[in-house]
Amino acid sequence: MTTWTRAELEEAFAGYTTGVQRCVDTGDWEHFVQLFTEDALYIEHAYGTFHGKDEIRPWIKRTMGSFPGNEMIAFPPKWVVIDEQVGWVITEIDNPFRDPGDGSVHGQGNVSILRYGGNGLWQEQEDVYNPMEFMKATGGYVRRCHELGTLSDDARAWAEKFGVELG
């Protein structure tokens with residue numbers, strides 16, 4: 001067991017959140033990949049388990065480059081727990097969508113467990129959430145965009161694929 005200082009874990013997590021926002025701002029998810037060690041493990045219960053940057057890279061770029069990921073505007077932490085002894089940062093991340101045009105807020109959170117690998121990099125991340133709740137929230141966002149005339153082609157294709165009635 002490695003003991004990390006709270007300051008190191010806080011600094012690494014600040015770098016993580018800054019890196020994720022940089023991805024959103026630039027549309028380049030390579031910045032996300034670079035937050036991990038070469039042999040990192042990424043566990044995403046709905047999509048699978050990815051071993052190393054070479055598996056994480058195509059998955060994150062595909063996922064965040066298409067709907068619904070490409071309409072999420074930020075991934076701010078709602079709360080954070082830090083365990084210095086094991087090097088874990090556990091956080092609830094919000095996943096808000098862009099404003100559909102009326103100021104309403106749509107999104108769904110998830111819990112992320114980050115296991116630190118040293119040197120500002122993460123050895124593992126596991127995302128935990130209820131896929132059915134995520135689908136429900138995304139469906140509500142899609143319907144609201146449709147009502148306001150702001151529905152993107154990607155969102156429309158997603159709605160058709162998953163049987164979301166647009167009314």
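Predicted model: local features only at pLDDT ≥ 70, side-chain atom pairs only at ≥ 80, totals over all residues.
View 1. Glu147 counts as exposed, at 55% relative accessibility. Both residues sit in helix H4, which spans residues 131-148. They are three residues apart, about one turn of the helix. Side chains of opposite charge can pair when their charged atoms come close.

**View 2. A salt bridge ties Arg6 to Glu84.** The N to O distance is 2.7 Å. This pair links distant parts of the chain, 78 residues apart. Arg6 belongs to helix H1 (residues 6-26). Glu84 lies in the loop between strand S3 (77-83) and strand S4 (88-93). Are the two partners buried, exposed or partly exposed? Arg6 is partly exposed, at 39% relative accessible area. Glu84 is partly exposed too, at 27%. The count for the model comes to 12 salt bridges.

**View 3. Arg57 and Glu30 join two helices.** Their side chains meet in a salt bridge of 2.7 Å, N to O. Arg57 is in helix H3 (residues 53-64), and Glu30 is in helix H2 (residues 30-33). The two residues are 27 apart in the chain. Arg57 is partly exposed, with a relative accessible area of 23%.

**View 4. The peptide bond from Phe67 to Pro68 is cis.** Its omega is near 10°. Pro68 is placed in the loop between H3 and S3. Most peptide bonds are trans.

**View 5. Asn119 has a positive phi.** The value is near 55°, in a residue other than glycine. Most residues other than glycine have a negative phi. Where does Asn119 lie? Asn119 is found in the loop between strand S5 (110-118) and strand S6 (121-128). Asn119 counts as exposed, at 77% relative accessibility.

**View 6. The largest nonpolar core holds 38 residues.** Six of them come from H1, the largest share. Other elements supply at least two residues each, among them H2, H3, H4 and helix H5 (153-161). Strands also contribute at least two each, including strand S1 (36-44), S4 and S5. Which residues have the most contacts inside this core? They are Tyr16, Trp29, Phe32, Phe36, Trp122 and Val142.

**View 7. Val142 touches residues from other places in the sequence.** Leaving out residues up to four places away, the partners of Val142 are Phe67, Leu151, Ala155, Trp158, Ala159 and Leu166. Val142 is also among the residues with the most contacts inside the largest nonpolar core.

**View 8. Strand S1 pairs with S6 and with S2.** S1 and S6 pair in the parallel sense, over five bridges. Here Phe36 stands opposite Trp122 in S6. Both Phe36 and Trp122 are listed among the residues with the most contacts inside the largest nonpolar core. How do S1 and S2 run, parallel or antiparallel? S1 and strand S2 (residues 48-51) run antiparallel, joined by four bridges. Glu44 has Gly48 in S2 as its bridge partner. S1 and S2 form a hairpin, with three residues between them.

Methods:
Residues numbered from 1 in each chain as written. Heavy atoms only, no water. Salt bridge = Lys/Arg side-chain N within 4 Å of Asp/Glu carboxyl O. Buried < 20%, exposed > 50% of the residue type's maximum accessible area, 1.4 Å probe, protein only. Core = buried A, V, L, I, M, F, W, Y, C linked by side-chain atoms within 4.5 Å. Contact = heavy atoms within 4.5 Å. Pairing = 2+ DSSP bridges.
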